[in-house]
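The following note sets out a reading of the structure for a colleague who is new to the subject. Please keep the sequence and the model in view while going through the points.

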Amino acid sequence: MATETAVKPKIRIESIHKSYFIDGAQQEVLAGVDLVVNAGEFVSIVGPSGCGKSTLLNIIAGLDQPDSGSVELSSERLGELLKTAGERLGQTGYMQQKDLLLPWRSVLDNTILGLELKGLSKKQAREQALEYTEAFGLKGFEHHYPFALSGGMRQRAAFLRTMLMGQDVVLLDEPFGALDALTRIQMQEWLLQLWESLSKTIVLITHDVDEALLLSDRVYLMSARPGRATLVLDVDLPRPRHYDMVTTPDFSTLKAQLMEPLRAQTQTFKFQAIKSVGQAGS
Ligand code: ADP
Ligand code: MG
């Protein structure tokens, strides 16, 4: 968002490289990635499967470290730049790709996991979480167990758990990937409103180009593995935004700019005409 603090980099990544031992050989996953996220911005990363998007978030969160290059996370709370993985660990709210709720804990007790890890008593943590269950669409379901919730609700419970960590940088790895199309749209609109009211800095990974454009100030497009940012697109659509915008000409123009390189780098296979499938007796 165009606020005065928006010019201050929260995350600055320069030329990071990362290799893993994959299929019997050392292979480069990230090949010189640069990324800047300013305070209060919503930035999305789009790219084909396996191009290193989750690896990049793991590195920002301090769960992994690059082989070379620099990563800086600016912590207002600590008043310093966090440059090593160890320093960054625990300093971001991170909702990982497979962020499952614990089935044996109620919704409320799932949301307070992070607060408990921080040392709060269950009672204090529950009191804090209860202040937000309404805004997160969980009111009345606090004492239900995750299996009794819809996909969207489970996702909002995982969001609340992440947000309650109280960090000003939030990393979201394909949070809506498993939701049906309508729930997904509802969740996107809900996240837009939440972000507009919370002044958090968000980095979102998604496969969905519409989602990236609708939510973001800027979109980074990554190449297939080894991943690097091949296109950086400023999304100058007005805010507040709402889902209806995806059908506007301005939106379509931006979408075309992203889709063209994305299609070019996604492997395609040629359709071959077949006479029949599953013939009897074969
Ligand atoms: P994306 O999120 O873009 O789909 P990932 O970052 O999860 O991609 O993974 C990129 C590549 O690196 C994949 O081939 C994956 O198997 C591999 N990879 C990721 N993490 C590790 C790890 N800790 N050890 C070995 N290989 C890994
Ligand atoms: Mg991933």
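**Note on the fold**

1. Among contacts in the protein between residues at least 6 apart in sequence, 68% join residues at least 24 apart. The model under review is predicted, and its secondary structure amounts to nine helices and ten strands.

2. On overall dimensions, a compact globule of 282 residues would have a radius of gyration near 19 Å, and the 20 Å found for the protein agrees with this. The C-alpha trace spans about 65 × 50 × 45 Å along its principal axes. Of the 282 residues, 47% are buried. The protein exposes about 14,600 Å², and carbon and sulfur atoms supply 53% of that area.

3. One open sheet consists of four strands in the order β2-β1-β4-β5, with antiparallel pairing. Its edge strands are β2 (25-38) and β5 (80-82), each of which pairs on one side only. On average, neighbouring strands of this sheet are turned by 30 degrees against each other, direction ignored. Helix α1 (residues 53-61) packs on the sheet and touches β1, β2 and β4 (68-75); the direction of α1 makes about 125 degrees with that of β1.

4. Within this sheet, the pairing of β1 and β2 can be followed residue by residue. Strand β1 (residues 9-22) pairs with β2 in the antiparallel sense over eleven bridges. Ser19 has Glu28 in β2 as its bridge partner, and Phe21 stands opposite Gln26 in β2. The hairpin of β1 and β2 has two residues between the strands, and Asp23 takes a positive phi near 45 degrees there.

5. The other sheet to examine is also open; it has six strands in the order β6-β7-β8-β3-β9-β10, and its pairing is mixed. Which strands stand at its edges? They are β6 (93-95) and β10 (229-234); each has a single partner strand, so one side of each is left without a neighbour in the sheet. The twist from one strand to the next averages 15 degrees.

6. The pairing of β3 and β8 belongs to this six-stranded sheet. Strand β3 (residues 42-46) and strand β8 (residues 201-206) pair in the parallel sense over five bridges. In this pairing, Val43 stands opposite Val203 in β8.

7. Helix α7 (residues 181-198) touches β3, β7 (169-173) and β8, and its direction makes about 160 degrees with that of β8. Helix α9 (residues 249-265) touches β3, β9 (218-222) and β10, and the direction of α9 makes about 170 degrees with that of β10.

8. Helix α7 can be checked for length. At 1.5 Å a residue, its 18 residues should span 26 Å; the end C-alpha atoms are 25 Å apart, which agrees.

9. An α-helix has 3.6 residues a turn, so residues three or four places apart point the same way.

Methods. Residues are numbered from 1 along each chain as its sequence is written. Chains are lettered from A and ligands numbered from 1 in the order in which they are written. This is a predicted model: local features need pLDDT of at least 70, side-chain atom pairs count only at pLDDT 80 or more; totals for chains, interfaces and linings use all residues. Side-chain values use heavy atoms; hydrogens and water are left out. Two strands pair if DSSP finds at least two bridges between them. Axes are lines fitted to C-alpha atoms, for helices over the stretch in contact, and angles run from 0 to 180 degrees between N-to-C directions. Contact means heavy atoms within 4.5 Å. The radius of gyration is taken over C-alpha atoms; the globule rule is 2.2 Å times the number of residues to the power 0.38. Buried means under 20% relative accessible area, exposed over 50%, partly exposed in between (1.4 Å probe, protein chains only). Accessible areas come from the Shrake-Rupley method with a 1.4 Å probe; for residues, only the protein chains shown count as cover. The expected span of a helix is 1.5 Å times one less than its number of residues.
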